[in-house]
Amino acid sequence: MTPDSLGWWGIPLAILGGLLRGSVPFLFVSLGECLTEKSGKINLGLEGSLLLGAVTGYALSYHSGSAWIGVIGAGGAGLALGAIHAWLVQQRRVNDISVGIAMMIFGGGLANYLGKPYIQPTAPQLPALHWGDWSDLPAVQSALRVSPLLLIGIAIAFTMQWFFRATRWGLIIRAVGESPTAAKAMGFSVGRTQTACIMVGAGLAGIAGAYLSLYFPGSWNENISSGQGLLAVALVIFARWNPRQCLYAALLFGGTQGLGPALQSVGVEGYYYVFNAMPYLLTLVIMVVTCSPVRSSVGAPASLGQSRPDA
Amino acid sequence: MPSPPRFPLSRRHMIRGLLAAGAFGATSQFWTACSSDSTADPEATEPTAAAATDEPLVIGILYVGPKDDYGWNQAHAEGAAGIMSLPGIKVVEEANVPETAAAAETMRSMIVQDGATVLFPTSFGYFDPHILALAEEFPEVQFLHCGTLFEEGKHPNNVGSYFGFIDEAYYVAGIAAAHASKTGQTGFVMAKPIPRIVRTLNSWMLGAQSVNPEATTQLIVTGEWSDPVKEAEAVNSMADQGIDVITCNVDNAKVVMETAEKRGIFCSGNGVNQAAVAPKGYLTGAEWDWTGVYTSYATMIQAGKTLMNGGIPHLFLGGLSDNFVKLSPYGAPVSEAAKAEAEQAKAGLIDGSLVVYTGEMKDNTGATVIPAGTEYKPGNPELEKMDWLVEGVIGEITG
């Protein structure tokens with residue numbers, strides 16, 4: 001063991017580092033899905049928005065030299081895909097789950113197609129806040145390198161919580177999600193509210209993609225998301241459609257991602273498939289613990305996933 | 001329903017049917033991309049090249065990932081691009097073919113629809129059961145699998161294996177790594193612990209130990225051919241443990257190289273030259289060179305040789321000496337002394353005077369794996385079964 005080595009202290013540090021590094025995509029996608037589902041629509045296609053955001057962010061950062069332009073562009077790409085989804089699900093008798101699957105494949109395929117020339121080049125990366133510079137240990141310095149996007153995400157989570165609880169617009173979105181007919185009777189446009197929510201939600205997923213390609217792991221290739229966008233959509237269910245709980249769930253999933261490699265690095269060698277399956281195992285456990293015999297999903301907006309009926 | 005439908009098939013039924021068909025088609029071909037490249041022009045082919053048959057020779061190639069992954073699949077795609085321009089040859093390719101029944105379906109459609117008579121399925125997991133099953137079904141088609149799994153007498157006669165001893169390049173890279181490392185600790189990010197990949201790890205370790213007998217290698221297995229987040233976390237946690245040189249054997253080494261560079265440690269590449277993504281820390285790398293291999297096969301087949309008539313060997317193997325593999329140019333951090341020692345080892349591997357696997361050799365549990373006085377030259381079947389980690393490797397692969 002050298003002075004640089006941390007031994008078992010590496011485990012909590014890896015969890016902390018993994019949590020700070022790996023939770024951002026989960027956070028943005030689950031907040032986006034939370035907003036979408038609060039308005040009564042489901043967007044399973046956020047994985048597609050994430051991938052398209054990742055490649056758009058990487059390409060714009062590469063060509064413009066500024067990673068922040070990439071992030072904005074990625075958000076824009078997400079908005080555009082969200083607009084398509086929103087328009088399609090506003091049609092009569094259109095099922096939003098099917099459209100979501102189509103959008104996921106469309107977004108992913110488009111990203112892979114557009115991303116071919118960007119696999120090899122290296123784009124400028126997002127800057128990090130160095131919160132660990134008080135320490136002499138490079139490991140601590142590295143673990144406490146925090147992306148500004150994490151702080152923005154945390155701010156969005158709390159703002160969204162307050163927005164749903166205490167603002168007029170938040171109340172309109174909730175009304176649309178709970179009972180579209182009542183909202184309509186009160187004079188609110190159901191279609192316009194849902195369109196706005198779907199687009200902003202997909203825009204957040206696009207930013208999550210930019211985080212993947214411009215910060216951590218910080219590279220574009222076709223396997224960059226490894227299904228994180230899909231997992232984050234499921235996260236919303238066990239966060240009970242609550243933005244603050246989305247934050248906790250995202251931190252939990254981010255933290256478990258670093259666990260498998262970290263345990264191997266200190267000598268817990270076998271069972272790495274089990275450790276790598278930790279996030280999924282955790283999902284199952286939480287689902288079993290929180291399931292209710294009375295109502296299948298507590299907290300779900302009442303009109304969630306209902307397609308627009310015949311006029 | 002608010003009102004009874006006027007026609008037996010309502011619009012809802014039609015849309016539902018279309019969506020179901022679309023979803024089925026999309027999921028069964030999930031993330032796959034298919035392309036067909038042909039440069040063979042029947043008018044332009046010289047009569048000598050097409051002497052055996054008027055039809056072009058159709059070669060099908062399957063990749064497990066994208067063709068430009070900056071690693072394993074890209075190295076094969078570059079090799080395939082090398083034979084597309086040869087006269088009388090038509091190449092059909094499919095990327096992102098998973099190691100499941102999808103591989104069998106892709107091969108079947110290449111044979112039945114495209115008329116392929118030679119297939120190069122380039123991923124390890126295609127072999128058993130998919131290639132073996134199809135080889136029985138299509139005895140006239142030659143299945144050339146990238147790997148070393150073919151066994152005489154056990155497998156169909158129309159199946160062959162080809163592979164390069166890339167572990168020779170890892171041995172040389174290990175020498176450069178041990179020279180660069182200050183802590184004597186190196187790290188290895190591994191996709192899946194299969195024999196041919198375990199062998200690259202052991203050769204890397206032995207190369208490093210030839211310089212510094214105290215050197216160690218930490219192993220981290222990700223379990224996936226490509227999983228960027230886990231690969232990056234693996235590099236981060238190894239850097240936290242004081243490891244200062246990292247190499248890997250995953251499909252796309254770019255993330256490993258970039259993360260090592262960000263952490264300010266050295267790295268050694270895999271598959272293709274990745275020096276561009278880690279200009280400060282890139283030492284060297286073990287690269288594939290498949291163009292020569294595919295060209296040799298194409299020439300043999302066009303000359304009428306086949307696996308079945310014995311014209312083509314069932315195992316086609318080579319290392320540094322046969323140009324199956326090569327090393328990336330040495331990076332700036334590699335000292336002159338390290339270069340001299342690495343080049344000396346490379347020369348020894350090429351002329352056969354240096355044999356890496358020489359007894360007595362112990363594994364990392366202390367058991368003797370190669371008895372004293374025995375040496376396994378490259379190509380020895382014992383090396384193809386490697387399921388042990390050499391002394392100095394910190395890790396376990398029984399999983």
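Predicted model: local features only at pLDDT ≥ 70, side-chain atom pairs only at ≥ 80, totals over all residues.
**Entry 1**

I began with the strand order. Chain B has an open sheet of seven strands in the order E13-E11-E10-E9-E7-E8-E18, and the pairing is mixed. Strands E13 (325-327) and E18 of chain B stand at the edges with a single partner strand each, so one side of each has no neighbour in the sheet.

I then looked up the pairing at the E13 end. Strand E11 (residues 282-288) of chain B runs antiparallel to E13(B), and three bridges join them. B:Trp288 has B:Val325 in E13(B) as its bridge partner.

**Entry 2**

Strand E7 (residues 185-190) of chain B pairs with E8(B) in the parallel sense over six bridges. In this pair I found B:Val189 opposite B:Ile220 of E8(B). On its way from E7(B) to E8(B) the chain passes through helix H6 (residues 195-211) of chain B, and the three elements form a right-handed β-α-β unit.

E8(B) also pairs with strand E18 (residues 393-394) of chain B, again in the parallel sense, over two bridges. Here B:Gln218 faces B:Ile394 in E18(B). I checked the burial of strand E8 (residues 216-221) of chain B as well: five of its six residues are buried.

**Entry 3: strand E9**

How much of E9(B) is covered? I found five of its five residues buried. Side chains in a regular strand alternate between the two faces of the sheet.

B:Ile246 takes part in both pairings: B:Gly187 has B:Ile246 as its bridge partner in E9(B), and B:Ile246 has B:Cys267 as its partner in E10(B). Helix H8 (residues 254-262) of chain B, together with E9(B) and E10(B), makes a right-handed β-α-β unit.

**Entry 4: helices on the sheet**

H6(B) lies across E7, E8, strand E9 (245-249), strand E10 (266-271) and E18 of chain B, and runs at about 170° to E7(B). Helix H7 (residues 228-240) of chain B also packs on the sheet, where it touches E7, E8 and E9 of chain B. The direction of H7(B) makes about 165° with that of E7(B).

**Entry 5: helix H2 of chain B**

I checked the length of helix H2 (residues 72-84) of chain B. At 1.5 Å a residue its 13 residues should span 18 Å, and the end C-alpha atoms are 19 Å apart, which agrees. Because 10 of the 13 residues of H2(B) are buried, I noted the helix as largely enclosed by the rest of the structure. Among the buried residues are B:Trp72, B:His76, B:Ile83 and B:Met84.

**Entry 6: a helix pair in chain A**

Last, I turned to chain A. Helix H11 (residues 243-257) of chain A packs against helix H14 (residues 278-290) of chain A at an angle of about 145°, with the axes 9 Å apart. Which residues meet in this contact? From H11(A) I listed A:Leu252, A:Phe253 and A:Thr256, and from H14(A) A:Met278, A:Pro279, A:Leu282, A:Thr283 and A:Ile286. The contact residues comprise six nonpolar, two polar and no charged ones.

Conventions
Residues numbered from 1 in each chain as written. Chains lettered and ligands numbered in written order. Heavy atoms only, no water. Helix = DSSP H or I, 4+ residues; strand = E, 2+ residues; numbered from the N terminus. Expected span 1.5 Å × (residues − 1). Buried < 20%, exposed > 50% of the residue type's maximum accessible area, 1.4 Å probe, protein only. Pairing = 2+ DSSP bridges. Right-handed = clockwise from strand over helix to strand, strands pointing away. Contact = heavy atoms within 4.5 Å. Axes fitted to C-alpha atoms, helices over the stretch in contact; angles between N-to-C directions. Nonpolar A, V, L, I, M, F, W, Y, C, P; charged D, E, K, R; others polar.
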